[in-house]
Amino acid sequence: MSPTTSRSARALGAAALLLLASCAAPTGGEPSGEGTGPTGSPTATAAGSPTGSEPATGSPSPASASPTADPTGSPTTGPTASPTVGPTATPTPGPTGSPAPAELVTHSGTAADAAFAFELPATWRVDGEFSGVGGTVTVVGPDGAPLGYLTVLQAWGAECGPDCTQPAVVHLGDVPGEAALSSSGEFVVRSVAMDLTSSPRLRNVNGWQDNVRLMTSLTDADTPPPTAMLPHVMYGLGLVETGVVASNGITYRTVIFSSAHDFPTIAAAEEYVASEEHRQIQAMIASFRA
């Protein structure tokens, strides 16, 4: 069994992979291990030098991308006593209209020898199954719309494809993970948005449904917020130690837990970031432990 690799060595490895994502020779626009397919259906294979589909291309329809309203009821006021009889009565506030906290359930399993668990709202469900070498499962909401993708791989790599352009991204905040991963350590749940309004070709190549993509993903806490990214690799990743030597000689596995939504404008993406659904997505990814 190979000795456990230090976090600093893992970080160097991850940096090398990201460097590969920025300058590798073109191979048709998909990363070797996990990239974006034209249909938005994520698949992944993992055995040394995997190929597959980016786990976060399932962009919802405009209706599902819109933030859910969170109405607040107006307080009701109790009767006010006459000033000549006694002091003014204190108004009695009515219900605020804030939704009760969603009931959570735990989803747990094993993928590519990595045992994991996370919490999600009871009205959501996990679709799909992992193979012996990993793969991707989809988290869907009550209406069946995809809200997140969890991918576990024995190895990961990405190539920039036919166009290595890295457009600017807007960093829309981080939420700390609840527990450190067993190999890469502390992580955050990071949200970034990219506006390709002026680049319809890039939008089409990457299968975007609208001008702006919002990506929220598990990201190593040591990784600084980016200022530019590849359109098909807008997510972060983490590493999980298994103690089981894979066919490529490593004992850790790569985890990509992400959610993607497309919007017409950055302002619309920012509005969704303030929604209850997005908060629930962040909480689900932040609860991941392995």
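This is a predicted model: local features need pLDDT of at least 70, side-chain atom pairs count only at pLDDT 80 or more; totals for chains, interfaces and linings use all residues.
Q: How many helices and strands does the protein have?
A: Helices (H or I, at least four residues) and strands (E, at least two) are DSSP runs, numbered from the N terminus. Here there are five helices and ten strands.

Q: What share of the residues is buried?
A: Buried means under 20% relative accessible area, exposed over 50%, and partly exposed in between, with a 1.4 Å probe and protein chains only. In this protein, 48% of the 290 residues are buried. For the surface itself, accessible areas come from the Shrake-Rupley method with a 1.4 Å probe, and for residues only the protein chains shown count as cover. The protein exposes about 13000 Å², and carbon and sulfur atoms supply 58% of that area.

Q: Which way do the residues of β9 point?
A: In a regular strand the side chains alternate between the two faces of the sheet. In strand β9 (residues 238-241), Gly238 and Val240 point one way, while Leu239 and Glu241 point the other way. All of them are buried.

Q: Which strand is joined to β9, and by how many bridges?
A: Two strands pair if DSSP finds at least two bridges between them. Four bridges join β9 to β10 (residues 252-263), and the two run antiparallel. Val240 has Arg253 of β10 as its bridge partner.

Q: Which residues touch the most other members of the largest nonpolar core?
A: In soluble globular proteins, nonpolar side chains tend to be buried together. A nonpolar core is a set of buried Ala, Val, Leu, Ile, Met, Phe, Trp, Tyr and Cys residues joined through side-chain atoms within 4.5 Å. The largest one has 35 residues, and Phe118, Leu150, Leu214, Phe257, Met284 and Phe288 touch the most other members. Among the elements that give two or more residues to this core are β2 (114-121), β10, α4 (266-273) and α5 (276-286). Helix α4 gives the most, with five residues. A second, separate core has 19 residues, including Val169, Leu230, Val233 and Met234.

Q: Where on α4 do the buried residues fall?
A: The buried residues of α4 are Ile266, Ala268, Ala269, Tyr272 and Val273. Seen down the axis of α4, they fall within an arc of 160° (taken from the directions from the helix axis to the C-beta atoms), so they line one face of the helix.

Q: Which residues are in contact with Met284?
A: Contact means heavy atoms within 4.5 Å. Leaving aside neighbours within four places in sequence, Met284 is in contact with Phe118, Glu119, Leu120, Trp124, Val139 and Phe257. Gln280, found in helix α5, is buried at 16% relative accessibility. Across the protein, residues 24 or more positions apart account for 60% of the contacts with a separation of 6 or more.

Q: What surrounds Phe130?
A: Phe130 sits in the loop between β3 (125-127) and β4, and is buried, with a relative accessible area of 19%. Not counting residues up to four places away in sequence, Phe130 touches Thr110, Ala111, Phe116, Gly135, Thr136, Val137, Leu150 and Val152.

Q: How many salt bridges are there?
A: Side chains of opposite charge can pair when their charged atoms come close. A salt bridge is a side-chain nitrogen of Lys or Arg within 4 Å of a carboxyl oxygen of Asp or Glu, and the count comes to six. One of them joins Arg289 and Glu119, with the closest N and O atoms 2.8 Å apart. This pair links distant parts of the chain, 170 residues apart: Arg289 lies in the segment after α5 and Glu119 in strand β2. Arg289 is partly exposed at 33%, whereas Glu119 is buried at 18%.

Q: Where do Arg279 and Glu276 lie?
A: Both lie in helix α5, three residues apart, about one turn of the helix.

Conventions. Residues are numbered from 1 along each chain as its sequence is written. Side-chain values use heavy atoms; hydrogens and water are left out.
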